[in-house]
Each structure stands twice: as C-alpha cells, then as structure tokens.
Amino acid sequence: MPVELNQPVPAFTAQATSGVEVSPDGLRGKQVVLYFYPKDNTPGCTTEGQDFRDLHDQFLACDTLVFGVSRDSLKTHENFRSKQGFPFELICDKDEQLCQLFDVIKQKKLYGKEYLGIERSTFLIDRNGVLRQQWRGVKVPGHAQAVLDAAQALPRA
C-alpha cells in the first residue's frame with residue numbers, strides 16, 4: 001500500500017552508500033527528502049543530483065537530510081556519488097521496496113519500447129515521519145530549489 005500525503009511513512013530498512021542503513025525510526029527528528037531517479041550516470045539524473053548537491057548546505061541549515069534513490073547497485077552508487085561529489089547518501093533499492101512504498105514504478109516508453117521504470121519523483125517527510133509534500137513526473141530544472149523552499153517552509157516544532 002503506497003504511503004499517502006499527510007500520513008506517517010511505514011517502516012522500511014534500506015541500504016545506502018557509506019554503509020549507512022536508512023529507516024524512518026533512524027530519521028526521526030530530521031526532515032527528509034527522498035528523491036527517486038531512474039539511473040546513475042545519465043544526463044538528467046546527474047544534473048538533478050548536482051542541483052541537490054549545490055543546495056546541500058542550505059538543506060542542512062533547515063535540518064533536512066537528502067537521499068537519492070534508484071535501483072542501481074551500491075557499487076554503482078558509490079562510483080556515481082564519488083564522481084559527482086555528492087555530500088548526501090544514495091539508497092540502493094534493487095528489490096524495489098521503496099519504489100513500491102512510494103509508488104514510483106511506472107510504465108515508460110523509450111524508442112517505441114515499453115518498460116517499467118522509476119518515474120522521477122521527490123518526497124518531503126517532516127520531523128515526525130509524516131509525508132508532507134510530493135512531486136511526481138519531475139522536470140529537473142528548478143526542482144531542487146522548489147524542494148528546498150518547501151523544506152524551509154515546514155514548521156520547526
């Protein structure tokens with residue numbers, strides 16, 4: 001059952017780069033951005049990651065952690081993160097646990113062929129683990145700034 005707006009994010013455990021294990025309980029007290037992207041080292045995904053990277057200090061200033069999520073392996077994630085200098089962790093969702101939880105696997109078309117892939121989507125979770133905002137079918141230009149604006153606007157209490 002996908003998580004819904006203004007509802008608590010159900011329990012999950014996910015592996016991220018740097019040996020980090022991510023779970024809602026471990027993130028309590030912090031705001032969290034989960035941005036789902038199709039594939040490491042592709043032009044749109046690289047640009048999106050760079051945008052979040054360039055605003056990272058401002059996300060930290062409003063007590064917000066950023067995580068990128070895709071189905072790529074931890075090894076691919078580590079290389080992508082290192083190459084791009086991302087200061088945030090990338091979550092490996094090979095089994096699509098998070099993709100299913102946030103309902104981001106969609107029918108896509110490339111060169112006339114249909115396949116199931118990640119729809120570029122971002123989710124903002126408050127300090128109490130409640131989903132407060134979502135962006136689906138994201139267009140990269142200006143997106144990271146819009147997410148930052150929303151994170152800054154969440155109540156601090």
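Select Cys45 and show what surrounds it: leaving aside neighbours within four places in sequence, Cys45 is in contact with Tyr37, Pro38, Lys39, Phe80 and Arg120 (contact means heavy atoms within 4.5 Å). The model is predicted, with local features needing pLDDT of at least 70, side-chain atom pairs counting only at pLDDT 80 or more, and totals for chains, interfaces and linings using all residues. Residues are numbered from 1 along each chain as its sequence is written, and side-chain values use heavy atoms, with hydrogens and water left out.

An unreviewed UniProt entry places the feature "active site" here; UniProt positions follow the numbering used here, feature names are shortened, and annotations may be inferred rather than shown by experiment. Cys45 has 3% relative accessibility and therefore counts as buried (under 20% relative accessible area; exposed is over 50%, partly exposed in between, with a 1.4 Å probe and protein chains only).

Not counting residues up to four places away in sequence, Thr46 touches Asn41, Phe80, Gln84 and Phe86.

Now colour the strands. Seven of them form an open sheet of mixed pairing, in the order β2-β1-β5-β4-β3-β8-β9 (two strands pair if DSSP finds at least two bridges between them). At the edges stand β2 (21–22) and β9 (131–136); each has a single partner strand, so one side of each is left without a neighbour in the sheet.

Pick β3 (residues 31–36) and β8 (residues 121–125): they run antiparallel and are joined by five bridges. Tyr35 has Thr122 in β8 as its bridge partner. Packed on the sheet is helix α2 (residues 43–54), which touches β3, β4 (64–70) and β8, its direction making about 165° with that of β3 (axes are lines fitted to C-alpha atoms, for helices over the stretch in contact, and angles run from 0 to 180 degrees between N-to-C directions).

Then show helix α4 (residues 74–84), which lies across β1 (14–16), β4 and β5 (89–92) and runs at about 160° to β5.

Where does the tour end? The last stop is the largest cavity, which holds about 90 Å³ of space (a set of points on a 1 Å grid over the protein atoms alone where a 1.4 Å probe fits but cannot get out; lining residues have an atom within 4 Å of a point). Its volume is the space filled by probe spheres set on the points, which are joined across faces, edges and corners. Select Pro24, Leu27, Val32, Ile125 and Gly129, the closest to the centre among the 13 lining residues.

How values were computed
Helices (H or I, at least four residues) and strands (E, at least two) are DSSP runs, numbered from the N terminus. On a 1 Å grid over the protein atoms alone, a cavity is a set of points where a 1.4 Å probe fits but cannot get out, and a pocket is an open set with protein on both sides within 12 Å along at least five of seven lines; lining residues have an atom within 4 Å of a point.
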